[in-house]
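The entries follow in the order I looked things up.

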Amino acid sequence: MLGRLAIVPDLSGALWLPEERTLVVADLHLEKGSAYAARGIFLPPYDSATTLATLTAAILRHAPARVIALGDSFHDRGAEERISGDDLRSLHLLQKGRDWLWVTGNHDPAISRAMGGETADCLAIADVVLRHEPDAAEAGFEIAGHLHPAAKIRMRGRALRRRSFALSGRRCILPAMGAYAGGLNLRDPAFRPLFHDGLTAHMLGDGRLFRIDRQLLLAD
């Protein structure tokens, strides 16, 4: 529970709100690969399709009535022009028959109607605020993205680093779902002002989530 809201971290990196039939995702960063290519950094141009496939699997698993994307869904303002017709059709198919809300982020402060769905700066469900960038001054309960949390631990004699949820009694920060989004180590100072009341990591593993206490987390 987070406040009055039941939350279930999903292996995809999405957050399932069962009582609300709502799936929350963060930091899809669609078309990051093509943004890099425009600057002469050539990566395999399949990140949007891969990200949408991950999102599709989570939607098929939970059958949400609503999907909320917590900002930086598109890597930059030109992503909407660069996204392929196939990927856009896949996105529109995911939206069919359900409510879809884009929360704006620092990478995508405006999202055109051509992408489907509605847009908002933030919203509240029960007593929980959902926004893109976590706010250390938030006195209530919060779900956010933006920081791309990742956990590093030692397991069976080797270091393992994976994307992770960051959870406390008042806050949940989702991992980035984007294929090229990367992750920020949970030991980074950026997380300190957000988790005065303690932190647990729910690390995305092979076939399951691993709950990791803060004292077991390693720095990079």
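**Entry 1: Arg156**

In which loop does Arg156 lie? I find Arg156 in the loop between β10 (149-155) and β11. I keep in mind that this is a predicted model. Buried or exposed, I asked next of Arg156? Arg156 counts as exposed, because its relative accessibility is 82% and the cut-off for exposed is over 50%. I also looked up the backbone. Phi of Arg156 is near 55 degrees, a positive value in a residue other than glycine.

**Entry 2: the whole chain**

I stepped back to the fold. The protein chain has four helices and 15 strands. Its radius of gyration is 17 Å, and the globule rule gives 17 Å for 220 residues, so the chain is as compact as a globular protein of that length. The C-alpha trace spans about 45 × 40 × 30 Å along its principal axes.

How much of the chain is buried? I read 50% of the 220 residues as buried. I then turned to contacts between residues at least 6 apart in sequence. Of these, 66% join residues at least 24 apart.

The protein chain exposes about 10,100 Å². Carbon and sulfur atoms supply 52% of that area. For charge, I have 27 positive and 26 negative side chains. The centres of the two sets lie 7 Å apart.

**Entry 3: the cores**

Which residues touch the most other members of the largest nonpolar core? I list Ile7, Leu15, Ile68, Leu130, Ile143 and Cys172, out of 22 residues in that core.

I followed up on Leu130. Beyond four places in sequence, Leu130 touches Val24, Ile68, Leu70, Cys122, Leu123, Ile125 and Ile143. There is also a second, separate core of 21 residues. Its members include Val67, Phe74, Ala79 and Trp102.

Where does Ser48 lie? I place Ser48 in helix α2 (residues 47-62). Ser48 is buried, because its relative accessible area is 1% and the cut-off for buried is under 20%. Beyond four places in sequence, Ser48 touches Leu30, Glu31 and Asp87. I looked up the spacing to Leu30. Ser48 and Leu30 are 18 residues apart in sequence, and their C-alpha atoms are 5.0 Å apart in space.

Glu31 came next, as one of the contacts of Ser48. I find Glu31 in the loop between β3 (22-25) and α1 (32-38). Glu31 counts as buried, at 8% relative accessibility. Phi of Glu31 is near 70 degrees, a positive value in a residue other than glycine.

**Entry 4: Ser73**

Ser73 sits in the loop between β4 and α3 (79-82). I read its relative accessible area as 0%, so Ser73 is buried. What is Ser73 in contact with, leaving aside neighbours within four places in sequence? My list is Leu28, His29, Leu30, Trp102 and Asp108. Two of these names were already in my notes. Leu30 is touched by Ser48, and Trp102 belongs to the second core.

**Entry 5: Asp135**

I went to the loop between β8 and β9, where Asp135 is placed. Asp135 counts as partly exposed, at 32% relative accessibility. Beyond four places in sequence, Asp135 touches Glu142, Arg171 and Leu194. I also took one separation. Asp135 and Glu19 are 116 residues apart along the chain, and 25 Å separates their C-alpha atoms.

**Entry 6: Met177**

Met177 is buried, with a relative accessible area of 5%. Which residues is Met177 in contact with, leaving aside its neighbours within four places in sequence? I wrote down Ser12, Gly13, Ala14, Val25, Ala26, Asp27, Leu28, Thr51, Thr54, Leu55 and Arg163. Leu28 is also a contact of Ser73. Met177 and Arg61 are 116 residues apart in sequence and 16 Å apart in space, C-alpha to C-alpha.

Terms used: Residues numbered from 1 in each chain as written. Predicted model: local features only at pLDDT ≥ 70, side-chain atom pairs only at ≥ 80, totals over all residues. Heavy atoms only, no water. Helix = DSSP H or I, 4+ residues; strand = E, 2+ residues; numbered from the N terminus. Rg over C-alpha atoms; globule rule 2.2 N^0.38 Å. Buried < 20%, exposed > 50% of the residue type's maximum accessible area, 1.4 Å probe, protein only. Contact = heavy atoms within 4.5 Å. Areas by Shrake-Rupley, 256 points an atom, 1.4 Å probe, with all protein chains shown as cover. Lys, Arg positive; Asp, Glu negative; His and termini not counted. Charge placed at Lys NZ, Arg CZ, Asp CG, Glu CD. Core = buried A, V, L, I, M, F, W, Y, C linked by side-chain atoms within 4.5 Å.
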